[in-house]
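Please open the model in your viewer and keep the selection tool at hand. The tour below moves from one selection to the next.

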Amino acid sequence: SGYTQEELLNMTIADLEAVESPEQVAEHIRLTHKHGIDRFETKHKRKDGTTYDVSVSASIDLKRNELYGFIRDITEVKIAEQKLIETNNRFQLAEEAGSIGAWEWNALTDEAVWSDNAYKILGFKPGEVDVSLKGFEQLVFPPDRKAFFDTLTLALKEKNEFQMEFRLINKAGEPVWIKDNALIKRDENNKPLRLVGSLQDISERKQYEFLLRNSLDEKEILLKEIHHRVKNNLQVVSSMLYLQSLQIKDESVVDMFQLSLNRIKSMVLVHEYLYQSDDFRNIDFQQYVEELISVLKETYASQAVNIHMEAEVHTSVKFEQVIYCGLIINELLSNAIKYAFVGREKGAVWLKFYRNESFYYLEVIDNGVGIPDMAVVDNGNSLGIKILRALVEQLKGEMDYISDKGTKVVIKFPAG
């Protein structure tokens, strides 16, 4: 207080009091006389005029008619209390802003405590509803109860945390989507003691997800219809080319028509898979390649050469690259079937498709006669080579030919 002992002995309680009136001081003295003791908090004045918080414990010796007082400076306590109040206020504001409420549940006694905002999320006032586990069961939306208790039981047995999204019934009887997160505190025998967690209202997010899912469903239906119509249109073009080819007697022209038909079929297959797929981003490329091989085998079934064809696909490919890859494979396999085994009774063609972190690799290898004139490939004079180079350029890739005891074509293009 800044006063000396001698100064204090010559002062009254009212001289020290900073906030209470003389009447209030007298009331404390009266209560002390009546009950023998009185405890209260107030503010006292220092000698320099500043004030500080004190806790006063007063008692009286009735025999001597003497009043004793114990005064303790509680300034630090009050500062800590104020900080705690401010922290709680900030926490409450954060809870309200995030539609979050805190809770704690005693697993041994089934006693639970909720923050005010946890009640507010469901439209209740504190204490207006039973939040013990038995009472909480009635708040869980009936279709979600089994899943909720199954998840909670499993967490209590095996885990140190609990997390789930489910619905609770608010005061108006309407379901509210909740995200529940909790930590499980256990004793030394791993027995659950209590759960401390939070409830978050995620109804708006769930509504947005519902609308987004419906929108995506509608777009998927539209995309399926587009792929279906593109496939049908390509098949119409294919049929028209086929009918036209029946009127042609020149075998070289018929062969050109057949190549065009095969190119169209490779594109039809892509749109067929996309129409049937649940994932437009990825196609089962192994199945696609095997189907393409089957189409080519059927097309060239009349050839005298018995050709074994085998495909190894070790990765999927992006949607926007599928058609280019399909056309490239069609060209390479068609060339191998037509030219690699001239004068032979049988042969084999192997296709490999794989990737590393940076690139896709497509290899087509045959054990045929090889390329008699590499200048044709290097100069790119033939239509087939021109088409291949154009398709590889679309993929921003590179193409190499190796002719040694057969032919090996390696195409590399970026995976990014």
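What follows is a walk through a sheet, the helices lying on it, and one further helix.

The model is predicted, so local features need pLDDT of at least 70 and side-chain atom pairs count only at pLDDT 80 or more, while totals for chains, interfaces and linings use all residues. Residues are numbered from 1 along each chain as its sequence is written, and side-chain values use heavy atoms, with hydrogens and water left out.

Begin with the open sheet of five strands, whose order is S9-S10-S11-S13-S12 with mixed pairing; strands are DSSP runs (E, at least two residues), as helices are (H or I, at least four), numbered from the N terminus, and two strands pair if DSSP finds at least two bridges between them. Strand S9 (306-313) and strand S12 (398-403) stand at the edges with a single partner strand each, so one side of each has no neighbour in the sheet.

Next select S12 together with strand S13 (residues 407-414): the two run antiparallel and are joined by six bridges, and Ile402 stands opposite Lys408 in S13.

Contact here means heavy atoms within 4.5 Å, and angles run from 0 to 180 degrees between N-to-C directions of axes, which are lines fitted to C-alpha atoms, for helices over the stretch in contact. Helix H10 (residues 285-299) lies across S9 and strand S10 (346-355), at about 165 degrees to S9.

Finally, select helix H7 (residues 145-158), where Phe148, Phe149, Leu152 and Ala155 are buried, whereas Lys146, Lys157 and Glu158 on the other side are exposed; buried means under 20% relative accessible area, exposed over 50%, and partly exposed in between (1.4 Å probe, protein chains only).
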